[in-house]
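Take a walk through this fold with the model open beside you.

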Amino acid sequence: MSGEQELGITESKEHSPGEWYAEVVRKAGLADYAPMGGFIVTRPRGYALWERLQDHLDGWFKETGVDNAYFPLFIPESYLEREKDIVEGFDPEVAWVTHGGHDELEERLAVRPTSESIIAPFMAEWVRSYRDLPLRLNQWCSVVRWEATETKPFFRTKEFLWQEGHTAHATSEDAWEETMTRLGQYERLYEEVMAIPGMTGRKPEHDKFPGAHTTTTIEALMPDGKSVQAGTSHHLGTSFAEAFDITYTDEDEDERIAHTTSWGLSWRALGALIMTHSDDQGLVIPPALAPTQVVVVPIWQADTEDEVKEYAAGLAADLDEQFRVELDDRDERNPGFKFNEHELNGIPLRIEIGPNEVEDGEATLVHRPDGESEVADADSIVESVEEALETVYAKLYAAAEENLEENIREAHGRGEILGTIGQHGGYVKTGWCGDEECETAIKDEIAAEIVMLPLDEDEEPVHDTCGICEEEAVETAYFAKSY
Ligand SMILES: [Zn+2]
């Protein structure tokens with residue numbers, strides 16, 4: 001029994017979400033802490049989630065004209081400097097390589113914090129005429145930002161995995177369409193694959209990607225009331241193209257400047273996934289991402305062992321073509337231990353097979369998120385499992401959607417805004433005059449900020465006046481505490 005205790009989650013999601021999250025990540029075998037602060041080791045089960053997420057997104061990218069490429073991990077200092085003219089204010093904590101073997105390098109090399117400055121010069125070389133446009137590149141890689149923060153796997157790490165897309169277009173309209181296409185794909189990933197409803201919007205002027213014309217974001221609300229910036233897509237206008245000379249000749253042989261975009265989604269998505277659905281029994285994940293979707297557990301006594309095991313194996317074989325199935329017929333573990341372990345690891349559907357099921361030609365299906373069980377005919381087990389997995393997804397999405405809908409509130413007046421966020425968390429909508437100082441007034445008090453504005457700049461603000469300074473409101477601002 002002591003083994004069972006060690007296996008289980010001891011922290012509470014509701015009362016100690018930080019400790020609970022760390023415990024789920026470790027005990028479900030997703031990640032470990034590396035010897036260097038700020039770095040993690042992604043274990044096979046954690047990496048499998050990333051791979052599935054990557055498969056979906058990568059497929060959609062390729063269907064919409066994106067090619068993958070790979071640029072060096074290191075960026076010469078002079079390249080980063082070139083970017084500084086436009087991206088004043090973008091000063092990520094860069095890790096530097098100063099030596100190669102025993103020799104000091106003539107020029108320091110940055111470990112990429114993002115790759116605009118190494119990709120843009122090549123885009124400039126590859127784009128000559130309008131026929132070369134649009135140019136759409138993406139790379140799956142890791143980047144390093146040497147920020148001194150407490151390590152939180154998949155949320156706060158110095159090195160993180162992500163994809164960064166970089167595109168060049170003939171017109172601003174094309175670049176905007178591209179920006180929105182990628183934002184839409186991030187939203188689709190969250191909703192269809194991760195079972196998390198997202199909110200899409202724009203970042204305020206002062207919080208845009210430096211040099212960007214428009215930064216769009218998808219935000220996801222966590223159960224603890226904080227928002228996660230789940231992916232960003234930037235219309236960069238012509239600023240990067242001007243700095244790096246990305247020009248083309250149009251059909252009239254006139255020289256034109258290109259319009260560029262960049263867009264990225266990191267393994268923070270995994271953090272949002274784990275935090276949204278998991279519970280005090282462990283990991284909960286939607287079927288589309290689960291490395292094992294169905295586990296078949298035979299439950300036998302000495303006199304029924306052979307027939308129960310054989311029946312369970314047959315059932316697992318029937319399901320094997322369509323689903324990722326595991327047959328857990330280990331002798332050395334009892335069914336209770338197995339159930340706990342599979343719940344901890346987040347297998348969406350468990351199928352229990354005992355002597356009764358064998359006799360009746362049935363199977364008992366148990367849903368991971370809530371323990372609900374149903375009896376299915378063995379003859380139509382494939383259809384039943386398919387339906388059950390759809391139900392599991394629907395339950396997860398409904399719970400996340402309910403959390404989101406219940407936690408978007410309106411408030412007006414400094415006291416009311418602070419009070420509403422302080423008491424409930426979630427998003428608070430209010431009129432905003434557009435002045436950063438009004439955000440600061442809230443930020444200084446309660447560490448909540450404007451996480452987004454509506455995508456449509458012309459949308460009527462929710463109030464006529466700014467919720468903080470009472471001047472005329474120009475937009476609706478969504479305030480929230482964020483990760
Ligand atoms: Zn104001």
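Helices (H or I, at least four residues) and strands (E, at least two) are DSSP runs, numbered from the N terminus. The model is predicted: local features need pLDDT of at least 70, side-chain atom pairs count only at pLDDT 80 or more, and totals for chains, interfaces and linings use all residues. Residues are numbered from 1 along each chain as its sequence is written, and side-chain values use heavy atoms, with hydrogens and water left out.

Start with the cavities. On a 1 Å grid over the protein atoms alone, a cavity is a set of points where a 1.4 Å probe fits but cannot get out; lining residues have an atom within 4 Å of a point. Points are joined across faces, edges and corners, and a volume is the space filled by probe spheres set on them. The whole structure holds two cavities of 30 Å³ or more. α5 gives the most, with four residues. By class, the lining has six nonpolar, five polar and one charged residues. Here Ala, Val, Leu, Ile, Met, Phe, Trp, Tyr, Cys and Pro count as nonpolar, Asp, Glu, Lys and Arg as charged, and the others, Gly among them, as polar.

The second largest cavity has a volume of about 30 Å³. Among its lining residues are Pro197, Thr276 and Leu404. Its lining has six nonpolar, one polar and no charged residues.

Turn to helices α3 (residues 44–63) and α6 (residues 172–193). Their axes come within 11 Å and cross at roughly 145 degrees. Axes are lines fitted to C-alpha atoms, for helices over the stretch in contact, and angles run from 0 to 180 degrees between N-to-C directions. In α3, Leu53, His56, Leu57, Trp60 and Phe61 meet α6 residues including Arg182, Tyr186 and Leu189. Contact means heavy atoms within 4.5 Å.

Finish at an open sheet of five strands, ordered β16-β15-β17-β18-β19 with mixed pairing. Two strands pair if DSSP finds at least two bridges between them. β16 (325–327) and β19 (373–377) stand at the edges, each with a single partner strand, so one side of each is left without a neighbour in the sheet. The twist averages 25 degrees from one strand to the next. β15 and β17 pair in the parallel sense over five bridges. Val297 has Glu352 in β17 as its bridge partner.

Conventions: On a 1 Å grid over the protein atoms alone, a cavity is a set of points where a 1.4 Å probe fits but cannot get out, and a pocket is an open set with protein on both sides within 12 Å along at least five of seven lines; lining residues have an atom within 4 Å of a point.
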